[in-house]
Every structure is written in structure tokens, then in C-alpha cells.
Amino acid sequence: MVDLLPQEALQEVVDQLVRLVEAAGATVIFVGAVAAFVRFLRVALRRRGEQEFIAVRLFLGRFLALGLEFQLAGDVLRTAVAPSFQQIGQLAAIAAIRTALNFFLSREIEREGRAVGESRPAPPSGAANG
Amino acid sequence: MAEVTGAVAASLVPLLVVMGLACALAVLLSGGGPRGAMAVLLDFLLAAGLLHLSQAQTWAAITVAAVTTVIRKVVVAGFLLRL
């Protein structure tokens with residue numbers, strides 16, 4: 001049988017893709033953390049209320065969730081070429097941790113977002129009518 | 001290539017921890033309260049933990065990263081409980 005796509009070539013391609021996707025995830029997390037750092041300092045200097053801090057935490061949480069999605073995509077890609085049972089086990093453990101974190105982070109974002117939305121004053125009743 | 005990426009990620013982890021400490025201090029000093037400061041610090045530590053986890057290649061490293069993350073989540077959950 002003609003070997004159209006040798007295992008080594010496939011492994012090399014997938015390795016490069018995994019690195020690319022994981023680097024993208026790490027970049028998203030780091031950029032989000034730096035942006036949140038700047039926003040936290042700005043809010044702290046202006047001495048805004050607690051709601052402003054929660055809004056910045058939400059901002060950071062969304063970046064973390066996005067970075068986690070990238071890292072999970074890398075894990076899924078890695079399952080395409082996992083030659084040993086030990087590697088599959090490690091991959092499963094890391095993916096489980098990331099999935100659990102993503103779940104709790106999403107729940108926290110939803111809860112905090114609802115709390116921020118409820119604390120904002122309602123628009124005047126005449127505003128909707130134009 | 002992988003070594004370079006790992007080295008960059010490894011150098012970013014302590015930077016995130018320092019940024020988290022600075023932000024927590026800023027929140028505390030500007031009247032955000034200890035609860036808000038702790039939540040902010042743990043968010044940054046979570047980001048550092050995620051970067052750390054991306055370099056974990058052995059069972060020991062994975063276990064350490066997972067246990068650290070679980071402890072942080074438990075601490076923040078306990079701290080944010082409204083008593």
C-alpha cells in the first residue's frame with residue numbers, strides 16, 4: 001500500500017499546529033492579564049466603586065476563558081497523534097483540568113455579569129419610547 | 001522552537017504573579033476591600049497557573065498544577081462566601 005501521509009510527517013504537522021494554537025492561547029491569556037492590569041490600576045487611581053473592579057475582573061475572566069478554549073483546541077489536536085498510553089493519560093488529565101476550569105470560569109462570569117447588570121440603574125421609562 | 005516557547009512562558013509566570021500582587025494591593029488601597037483584593041489576586045494566579053500548566057510534561061508537574069489550581073478555587077470560593 002502506498003503511504004500517502006507517513007506517520008512521522010503527520011506527527012510533525014500536528015506538533016507545529018499544537019504549538020501554534022497553544023502559543024495563541026498563552027498570548028491571549030497574557031495580553032488579557034496585561035490589559036486587565038492597566039485597567040485595574042486606572043480604576044484604583046480614580047477610586048471608582050467596587051462595581052468597576054468587578055467589571056475589570058469580568059474583562060480578565062473573558063480573556064482567560066478564551067485562552068482556555070485555545071488550549072483545549074490544542075489538546076484536541078494532540079489526540080490526533082498520541083503514540084503512548086501515558087501521553088494519552090496525561091492529555092486526558094490536562095484536558096479535564098482545563099475543561100473544569102472553563103466550566104467554573106464561565107459560571108463565574110455569568111454570575112458576576114448578572115450582578116453587575118442588576119446593580120446598574122434602570123434607564124428612564126420614557127427612553128425606550130424614543 | 002518548543003524550548004523557546006517554554007522559556008518565554010516560564011518567564012511570564014512570575015511576571016503575572018507580580019502583576020496580581022500589585023493589582024491586589026491597588027484594589028485594597030483604593031477601598032475595594034480584602035475580599036475584592038483576594039479575588040483579583042486569585043484571578044491573576046489562575047492566569048499564571050494556566051501558563052504553567054501549558055508547560056507541564058510529567059505527571060508530577062500536572063498534579064502540582066492541578067492541586068494548586070483546585071486549592072486556589074477552594075480558597076476563593078470560601079473567601080467569597082457571604083456569611
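Reply: **Salt bridges and their surroundings**

A salt bridge is a side-chain nitrogen of Lys or Arg within 4 Å of a carboxyl oxygen of Asp or Glu. A:Arg114 and A:Glu110 are 4 residues apart in that helix, so about one helical turn separates them. Helices (H or I, at least four residues) and strands (E, at least two) are DSSP runs, numbered from the N terminus. A:Arg114 is partly exposed at 48% relative accessibility, and A:Glu110 is exposed at 51%. Here buried means under 20% relative accessible area, exposed over 50%, and partly exposed in between (1.4 Å probe, protein chains only).

The model is predicted: local features need pLDDT of at least 70 and side-chain atom pairs count only at pLDDT 80 or more, while totals for chains, interfaces and linings use all residues. Residues are numbered from 1 along each chain as its sequence is written, chains are lettered from A and ligands numbered from 1 in the order in which they are written, and side-chain values use heavy atoms, with hydrogens and water left out.

Over all chains, the structure holds 5 salt bridges. One of them joins A:Arg78 to A:Glu22, with 3.3 Å between the closest N and O atoms. A:Arg78 belongs to helix 2 (residues 50-78) of chain A and A:Glu22 to helix 1 (residues 7-46) of chain A, so this pair ties together parts that are 56 residues apart in sequence. A:Arg78 is partly exposed, at 26% relative accessibility, whereas A:Glu22 is buried at 10%. Another salt bridge is made by the side chains of A:Arg98 and A:Asp75, at 2.9 Å from N to O. This pair also links distant parts of the chain, since A:Arg98 lies in helix 3 (residues 85-119) of chain A and A:Asp75 in helix 2 of chain A, 23 residues apart. Both A:Arg98 and A:Asp75 are buried. A:Glu22, A:Asp75, A:Arg78 and A:Arg98 are linked in a network of salt bridges.

Leaving aside neighbours within four places in sequence, A:Glu22 is in contact (heavy atoms within 4.5 Å) with A:Gln71, A:Asp75, A:Arg78, A:Arg98 and B:Ser54. A:Gln71 is a residue of helix 2 of chain A and is buried, with a relative accessible area of 0%. With neighbours within four places again set aside, A:Gln71 is in contact with A:Glu22, A:Ile29, A:Arg98, B:Leu50 and B:Ser54.

Helix 1 of chain A also holds A:Val28, which is buried at 15% relative accessible area.

On the side of chain B that touches chain A, the elements giving two or more residues are helix 1 (2-29), helix 2 (33-53) and helix 3 (59-79) of chain B. Helix 1 of chain B gives the largest share of that side, 10 residues. By class, that side has 23 nonpolar, 7 polar and 2 charged residues; Ala, Val, Leu, Ile, Met, Phe, Trp, Tyr, Cys and Pro count as nonpolar, Asp, Glu, Lys and Arg as charged, and the others, Gly among them, as polar.

In total, 32 residues of chain B are in contact with 30 residues of chain A. The area buried between the two chains is about 2,900 Å², and carbon and sulfur atoms give 76% of it. Buried area is the accessible area (1.4 Å probe) that two parts lose on being put together, summed over both.

A nonpolar core is a set of buried Ala, Val, Leu, Ile, Met, Phe, Trp, Tyr and Cys residues joined through side-chain atoms within 4.5 Å. The largest one has 48 residues, of which A:Ala36, A:Phe40, A:Leu64, A:Leu105, B:Leu16, B:Phe44 and B:Leu51 touch the most other members. Helix 1, helix 2 and helix 3 of chain A and helix 1, helix 2 and helix 3 of chain B each give two or more residues to this core. Its largest share, 12 residues, comes from helix 2 of chain B. A:Leu105 touches A:Gly61, A:Leu64, A:Ala65, A:Leu68 and B:Leu46, not counting residues up to four places away in sequence.
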